[in-house]
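Please read them with the structure open.

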Amino acid sequence: MAPLSDESAQALAESHPCFSEAAREHHGRIHLAVAPQCNLGCRYCERWVGPASQGKAGPGTAERILSPREAADLVDATESSGWLRVVGVAGPGEPLANPATLESFRLIHDSHPSLLLCLSTNGLELQARLNALLEVGVQSVTVTINATDPETASQVYDWAQIDGTRIPAAACADAVLDRQWNGLAAAVNAGLLVKVNSVFIPDINERDLVEVARRAGSIGAHRHNIMPLIPRGRMRDKRAPKRSELTKAQDKCEKWIPQFRGCSQCRADVIEPPLCVQGGLSCCAHT
Ligand code: CLF
């Protein structure tokens, strides 16, 4: 496949609530928590599967793990609402480290071919799994890339599983970055709608962020989403960036690639109706 034309990318982005803030008005999304295993030790991550009432929230958390069949049934039930546009798998671990991810997408694409299937990944296995993703109908991919410099990467990550072997990040930071950037380029060239997510970790990767944006833009990625660090896991003593620091970074990166500024840093099992439904308002698309 060839990269999306500018017109096709624009049209797809305008219906995806994580690519277009305007799309959140009328298009909702659901995450299927089918992926508990992980292959990358992000120091800011604290995975949690259990009752939401225990105060855990955000990326890497889910109330329970669904089987592919349960996930497909949940989509069937949600789709009847009329507002569902995007079905994503974003954890709570790494989606491509779990065979259930592709199986879930396959089931859903068979029954609801018009839904936009979206994958969030750390990129380690993206290039290797790209054909399989295309076969099950995935159209949109987000790759989390936090660094361009291996020194930075070895501060962000603790370990990575490369070709089945768990390796300390200091010894494989180059390989992690190569896989992420090669996976990103392969996804763009395969005609997917592609976004890069970067966690902004003050004093660690702020200088890398602009280079991430420059490189992602030059590869042809369609959006960049800078997310403020949530201090937890092995970074629980770090601070989140101030709102002004986040805005400044987004403004600098906007020069290279359009910035998505509406991220809600959601759970791996989020169900988010569009704003017009959340607000109890009727809107032209759902009345
Ligand atoms: Fe989910 Fe991610 Fe697809 Fe969106 S989330 S897999 S691209 S459908 Fe969206 Fe959530 Fe932010 Fe992600 S608000 S954390 S950017």
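1. This is a predicted model. The axes of helix α4 (residues 126-135) and helix α6 (residues 169-189) come within 8 Å and cross at roughly 25°. Angles under 35 degrees count as roughly parallel, and α4 and α6 are therefore roughly parallel to each other.

2. On the α4 side, the residues of this contact are Leu126, Gln127 and Leu130. They meet Asn182, Gly183, Leu184, Ala186 and Ala187 of α6. By class, the contact of α4 with α6 comprises five nonpolar and three polar residues, with no charged ones.

3. The sheet is open and has seven strands, ordered β11-β10-β7-β6-β5-β1-β12, with mixed pairing. At its edges are β11 (223-228) and β12 (271-272), each of which pairs on one side only.

4. Within the sheet, β7 (residues 138-144) and β10 (residues 193-200) run parallel and are joined by five bridges. Asparagine 197 in β10 stands opposite threonine 144.

5. Helix α2 (residues 68-79) packs on it, touching β1, β5 (84-89) and β12, and its direction makes about 160° with that of β5. Helix α6 lies across β7 and β10, running at about 150° to β10.

6. Which residues come nearest to the ligand? Of the 14 residues around it, these are Cys18, His31, Cys118, Cys263 and Cys266. The elements giving two or more residues to the shell are β1 (28-31) and β6 (116-121). By class, the shell divides into seven polar, five nonpolar and two charged residues.

Definitions and conventions
Residues are numbered from 1 along each chain as its sequence is written. This is a predicted model: local features need pLDDT of at least 70, side-chain atom pairs count only at pLDDT 80 or more; totals for chains, interfaces and linings use all residues. Side-chain values use heavy atoms; hydrogens and water are left out. Axes are lines fitted to C-alpha atoms, for helices over the stretch in contact, and angles run from 0 to 180 degrees between N-to-C directions. Helices (H or I, at least four residues) and strands (E, at least two) are DSSP runs, numbered from the N terminus. Angles under 35 degrees count as roughly parallel, over 145 as roughly antiparallel, 65 to 115 as roughly perpendicular and the rest as oblique. Contact means heavy atoms within 4.5 Å. Ala, Val, Leu, Ile, Met, Phe, Trp, Tyr, Cys and Pro count as nonpolar, Asp, Glu, Lys and Arg as charged, and the others, Gly among them, as polar. A residue is near a molecule or strand if one of its heavy atoms lies within 4 Å of it. Two strands pair if DSSP finds at least two bridges between them.
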